[in-house]
Amino acid sequence: MPPAGGGRAGPGPLRSRGCRRPPGPSPRAASPAPAPPEARPPAAPAGSRAALALVTLLSFASRFHRLPEPPHVCWDETHFGKMGSYYINRTFFFDVHPPLGKMLIGLAGYLSGYDGTFPFQKPGDRYEQHNYMGMRGFCAFLGSCLVPFAYLTVLELSKSLPAALLTACILIFDTGCITLSQYILLDPILMFFLMGAVLSMVKCNACADRPFSASWWFWLSLTGVNLAGAMGVKFVGLFVVLLVGLNTIYDLWDLLGNLSLSLVMFGKHLLARVLCLILLPLALYTAMFAVHFTVLNKSGPGDGFFSSAFQSQLIGNNLHNVSIPEHLAYGSVITMKNLRMAGGYLHSHWHLYPEGVGARQQQVTAYLHKDLNNLWIIKKPDSDADLSDPSSPVEFVRHGDIIRLEHKETSRNLHSHQHEAPLTRKHFQVTGYGINGTGDSNDFWRIEVVGRKPGKLIKVLRSQVRLTHVATGCILGSSGKTLPKWGWEQVEVTCTPYLKDTPNSLWNFEDHINPKLPNISLDVLKPSFAEILLESHMVMIRGNSGLKPKDNEVTSKPWHWPINYQGLRFSGVNETDYRVYLLGNPVVWWLNLFTIGLYLLTAISTAVALKRGVQLSSELKELSRVVLRGGGQIALGWLLHYLPFFMMGRVLYFHHYFPAMLFSSMLTGITWDTLLKFFAGFLSPSTAARRVYGGGILALVLLIMYSFYLFHPLSYGMIGPMASDPSSPMAGLRWMDSWEF
């Protein structure tokens with residue numbers, strides 16, 4: 001199967017039916033020639049609009065049913081509800097995902113009367129008088145739109161109303177999709193834009209015989225808008241960008257081979273796609289961050305993840321609109337921030353390194369948040385003079401000086417020795433050592449400024465400094481590795497013998513307290529928007545790669561997902577709790593899994609038959625086109641949204657599979673509709689064929705609905721005995737031991 005389809009006419013594995021370009025000269029952009037009757041897309045199947053209204057109504061009814069329940073925080077609402085509150089309060093925070101989803105949640109809360117005061121501290125906290133329904137309702141609305149989007153996509157690809165209805169039925173009655181749509185989460189927002197991009201792409205493909213028409217421009221532009229939306233919610237939106245990109249490449253390649261199309265016209269096609277599928281999404285994506293940084297202008301819990309210069313523009317940050325001494329002096333109280341992206345502050349605390357991890361001395365780490373344990377005092381190596389005495393002369397620190405850094409809270413010196421670092425091999429351990437500032441010669445460091453000459457003064461914020469350990473010659477740095485729980489999951493600080501100026505081994509002085517020195521304003525240090533945009537993406541990428549599971553948190557592996565191996569507790573554990581459990585409708589998920597294998601066999605058989613020149617009837621030719629073109633495009637979407645997770649190093653959860661599940665559900669609708677038509681075609685009279693075909697579709701629908709009837713308490717909540725109790729509504733339904741309801 002070729003990798004993608006496009007908006008072209010003519011044969012190709014990813015083209016929806018009824019989009020053949022008529023022979024002869026290509027249509028002109030200004031006034032496309034009308035397609036002859038045999039080349040025009042066939043009319044929508046009879047009753048398709050009424051069916052669309054019905055499935056849309058059922059979708060909204062299933063997602064909004066018991067939406068207020070439970071009236072407390074469930075699962076990741078504690079994160080995304082809190083982030084919505086941050087937008088309402090204009091408080092800066094850090095998250096590993098782009099901002100669009102959280103901004104929309106905050107906007108929905110604001111418009112529905114929520115004031116942003118609920119703390120969202122932990123799952124189970126009751127909302128009481130706080131208005132949370134606007135945010136839940138917004139997510140449920142977008143989740144409800146997935147069904148009509150999938151219906152229209154399958155209808156366009158297969159031109160079969162039963163196939164579209166079967167797909168809609170699968171998604172309407174899937175307990176997992178319902179659960180994921182009913183809470184304040186990013187997933188329904190992501191899947192809304194994802195399915196919007198797929199539907200727009202398929203609709204644009206269907207307009208291939210009318211290039212540059214109003215409808216063609218509309219669907220092409222809408223594809224770009226949805227791509228920006230998907231990328232703006234989560235980085236996994238890149239997968240649908242890749243799907244559309246492959247579709248576009250295949251489309252342009254086919255147009256290039258059309259000798260009746262002039263190169264000028266081909267250039268117009270290329271420019272149209274660059275404009276709508278590259279420049280438009282990039283502009284919208286950049287605009288999201290512009291709004292994000294404009295709204296979040298107050299200091300908050302995310303400050304420490306970003307550079308000192310960035311923090312200086314946040315209202316309430318200790319660097320905003322403040323004046324501090326410009327040059328470093330002995331006796332100054334300072335904080336040091338590592339220059340690697342998302343680098344932390346040089347930090348220490350009373351806890352010691354555990355037995356077997358270097359010397360059992362005080363831990364020194366890099367910490368991403370503001371804290372009193374980040375404060376250090378700059379002292380001369382062998383002087384115990386009281387430098388805070390106002391009468392003592394000011395002596396500035398200069399490039400090349402040997403200094404001692406004393407931790408303000410514990411009075412221990414920054415120290416290194418030839419014991420190996422906790423995590424990084426061949427690096428030396430860094431500790432806090434000494435009593436009340438009295439230590440040994442391993443406490444001495446040479447301070448050097450990148451690009452400066454010896455003797456020059458050291459500037460706060462601006463100077464990039466390197467601390468070289470005098471005794472061993474190693475350089476103080478942050479490895480970027482997260483320490484185990486004994487290190488409070490802070491970042492490892494080491495002394496590296498590799499003498500290279502990398503961001504990991506460079507620092508700047510941020511806070512600077514010295515009452516004996518004059519102050520300067522920090523306004524001149526505000527970064528440009530381009531610098532902020534780049535920095536924010538580097539911080540998000542590092543945060544994503546460093547995600548680790550919390551205590552007692554249920555994680556999963558990609559191979560678990562298609563088989564519905566294990567769900568997620570959204571709410572409640574005990575019999576007295578209101579319990580909600582994220583688990584797919586078993587019949588739906590296992591049917592989808594079986595269908596993927598069935599489709600593969602069907603597609604291979606069809607491709608081989610066509611390649612060998614087997615004579616097919618017109619009906620079978622139409623079915624083969626649906627399998628290879630429509631089904632191929634959806635199968636490619638499933639692969640792109642599933643296989644990359646096997647290569648990810650970050651922690652993974654069951655809900656990551658749901659975008660791929662949308663594609664497998666559409667593939668199920670197309671595959672079973674095609675196979676039933678194929679087998680019914682061997683029967684006569686036609687009434688028997690219709691009965692077999694209709695009966696097969698009806699049997700699948702009834703089986704899915706019955707399974708939903710059995711498992712619907714998982715989505716809508718249950719109180720009372722657990723599934724192991726015969727009196728439980730879920731008694732006998734724990735078909736797999738890994739299901740924890």
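# Cysteines, a helix and a histidine

Me: Does Cys-207 count as buried or exposed?
Reply: The relative accessibility of Cys-207 is 5%. The cut-offs are under 20% relative accessible area for buried and over 50% for exposed, with partly exposed in between (1.4 Å probe, protein chains only). At 5%, therefore, Cys-207 counts as buried.

Me: What kind of model is this?
Reply: Residues are numbered from 1 along each chain as its sequence is written, and side-chain values use heavy atoms, with hydrogens and water left out. Local features need pLDDT of at least 70, side-chain atom pairs count only at pLDDT 80 or more, and totals for chains, interfaces and linings use all residues, for this is a predicted model.

Me: How far is the sulfur of Cys-207 from the closest cysteine sulfur?
Reply: A disulfide is a covalent bond between the sulfur atoms of two cysteines. Here it is taken to be a pair of cysteine sulfur atoms within 2.5 Å. The closest sulfur to that of Cys-207 is in Cys-204, and it is too far for a bond, at 6.4 Å.

Me: Which cysteine does Cys-474 form a disulfide with?
Reply: By the distance rule, the count comes to 1 disulfide. Its two sulfur atoms are 1.9 Å apart. The partner of Cys-474 is Cys-495.

Me: How many residues apart are Cys-474 and Cys-495?
Reply: The torsion about their S-S bond is about 95°, so the disulfide is right-handed. Cys-474 sits in the loop between β10 (465-469) and β11 (475-482), and Cys-495 in strand β12 (residues 491-496). Strands here are DSSP runs of E with at least two residues, helices are runs of H or I with at least four, and both are numbered from the N terminus. The pair links distant parts of the chain, and the number of residues apart is 21.

Me: How far does helix α1 reach from its first C-alpha to its last?
Reply: Helix α1 covers residues 48-64, which is 17 residues. The expected span is 1.5 Å times one less than the number of residues. For α1 the expected value is 24 Å, and the actual reach is close to it, at 24 Å.

Me: Within what arc do the buried residues of α1 fall?
Reply: Ser-48, Ala-51, Val-55, Ser-59, Ser-62 and Arg-63 are buried in α1. Take the directions from the helix axis to their C-beta atoms. Seen down that axis, these residues line one face of the helix, because they fall within an arc of 95°.

Me: Which residues are exposed on the other side of α1?
Reply: The buried residues of α1 pack against other helices, including α4 (133-144) and α5 (146-158). On the other side, the exposed residues are Arg-49, Ala-50 and Leu-57.

Me: Which side chain makes a polar contact with the side chain of His-130?
Reply: His-130 lies in the loop between α3 (100-111) and α4, and it is buried at 17% relative accessible area. A polar contact is a pair of N or O atoms within 3.5 Å; within protein, one must be able to donate a hydrogen and the other to accept it, and residues adjacent in sequence count only if both atoms are side-chain atoms. His-130 has such a partner at 3.4 Å, the side chain of Thr-117.

Me: How many strands does the protein chain have?
Reply: The protein chain has 741 residues, and 57% of them are buried. Its helices number 18, and its strands number 16.

How values were computed. Contact = heavy atoms within 4.5 Å.
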